[in-house]
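Student: I am new to this structure and would like a close look at a single part of it. Could you pick one spot and walk me through what surrounds it?

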Amino acid sequence: MTQAIRMQFSATPGTLSQYARALLARGAGQRDIQMPDIEALLVGVKARPERVAAYASVCGFRTQTSLLPLTYPHVLAFPLHMELMLHKQFPLALMGLVHIRNEITQYRAIRQEEKLDIRCHFSGSTKTDKGLEFDIHTEITIGGEKVWESVSTNLARMRSTEAKGAKKERPPLASFATVERWTLHSNLGRRYARVSGDSNPIHLYALSAKLFGFKSHIAHGMWSKARTAAALQPLLHSDACRLTTEFKLPVFLPSAVELHYNLHETLSSDQPNNAGIDFELRSVRGEKVHMKGRIEKI
């Protein structure tokens with residue numbers, strides 16, 4: 001049984017130096033991969049209003065507010081995610097990992113002036129036909145009160161020794177009542193990197209993305225999630241909510257995409273305040289689904 005490792009930071013780690021380390025890091029290469037028991041802790045974090053405002057502007061949130069955007073705590077926790085995956089006991093190479101799912105639960109609104117305690121740790125792994133999926137669980141508390149948490153699921157692609165089954169037919173696209181179109185400019189990845197700290201080269205320039213096998217640079221999945229939250233959370237009229245997303249296909253830059261969604265409201269006596277919105281982020285032609293998910297009151 002491996003010994004638990006606890007890393008506590010007195011200040012937020014710098015993501016630029018982390019990516020420099022990530023470019024040099026290599027996986028351990030063992031066949032029977034197990035996620036190590038590691039946690040990273042940062043106490044007393046306080047968001048800087050100018051950075052929150054810049055993030056809100058890039059992602060489409062209201063900028064004149066004293067509250068943190070629903071997805072902003074992920075930005076505060078992201079350097080801890082990086083430290084977990086850069087630890088010498090982490091068995092995979094960080095570069096090349098794919099963020100495939102993300103679930104955020106906010107239990108109440110978080111004010112910008114509040115001090116946050118952030119704890120991140122590996123919380124499980126699963127072998128699939130595409131490789132190894134593993135989760136990073138983030139929990140944010142204020143004075144011992146849990147106010148926000150998330151589960152980020154990443155995929156490390158690996159060759160399967162099992163025979164491939166028949167190719168699954170793509171199900172027909174769902175029908176949605178409302179559609180809005182967004183135009184994404186070529187510099188979106190660089191703009192989001194400046195406000196989020198996520199400077200992965202695949203998001204910055206076409207040339208840097210091609211070095212990692214992409215035909216061009218791609219939008220951050222967490223930008224797509226944040227932009228969706230900015231559009232849909234106000235329709236819930238609730239700060240307490242859960243936003244679950246699956247990242248399906250990359251969004252190449254520049255491009256245009258469409259957010260398709262349906263608002264469902266349940267007015268039954270046992271769930272008087274239950275409401276949710278199902279959504280898909282699609283290409284303009286509608287044949288590609290880049291992201292899908294649901295936001296709902298809790």
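**A buried tyrosine and its helices**

Tutor: Tyrosine 192 is buried, with a relative accessible area of 2%; buried means under 20%, exposed over 50% and partly exposed in between, with a 1.4 Å probe and protein chains only. Please keep in mind that this is a predicted model, where local features need pLDDT of at least 70, side-chain atom pairs count only at pLDDT 80 or more, and totals for chains, interfaces and linings use all residues. Residues are numbered from 1 along each chain as its sequence is written, and side-chain values use heavy atoms, leaving out hydrogens and water.

Tyrosine 192 sits in helix 4; helices are DSSP runs of H or I with at least four residues, strands are runs of E with at least two, and both are numbered from the N terminus. Leaving aside residues up to four places away in sequence, tyrosine 192 touches Tyr55, Val58, Cys59, Val75, Gly197, His220, Met222 and Trp223. Contact here means heavy atoms within 4.5 Å.

Let us turn to the helix pairs. The axes of helix 2 and helix 4 (residues 188-196) come within 9 Å and cross at roughly 155 degrees. Axes are lines fitted to C-alpha atoms, for helices over the stretch in contact, and angles run from 0 to 180 degrees between N-to-C directions. That crossing makes helix 2 roughly antiparallel to helix 4, in a scheme where angles under 35 degrees are roughly parallel, over 145 roughly antiparallel, 65 to 115 roughly perpendicular and the rest oblique. Helix 2 contributes Ala54, Tyr55, Val58 and Cys59 to the contact, and helix 4 contributes Leu188, Arg191, Tyr192 and Val195. By class, these residues are 7 nonpolar, no polar and 1 charged; Ala, Val, Leu, Ile, Met, Phe, Trp, Tyr, Cys and Pro count as nonpolar, Asp, Glu, Lys and Arg as charged, and the others, Gly among them, as polar.

Helix 2 (residues 49-59) also packs against helix 6 (residues 221-236), at an angle of about 85 degrees and with the axes 9 Å apart. Helix 2 is therefore roughly perpendicular to helix 6. Tyr55, Val58 and Cys59 of helix 2 meet Trp223, Ala226, Arg227 and Ala230 of helix 6, a contact with 6 nonpolar, no polar and 1 charged residues.
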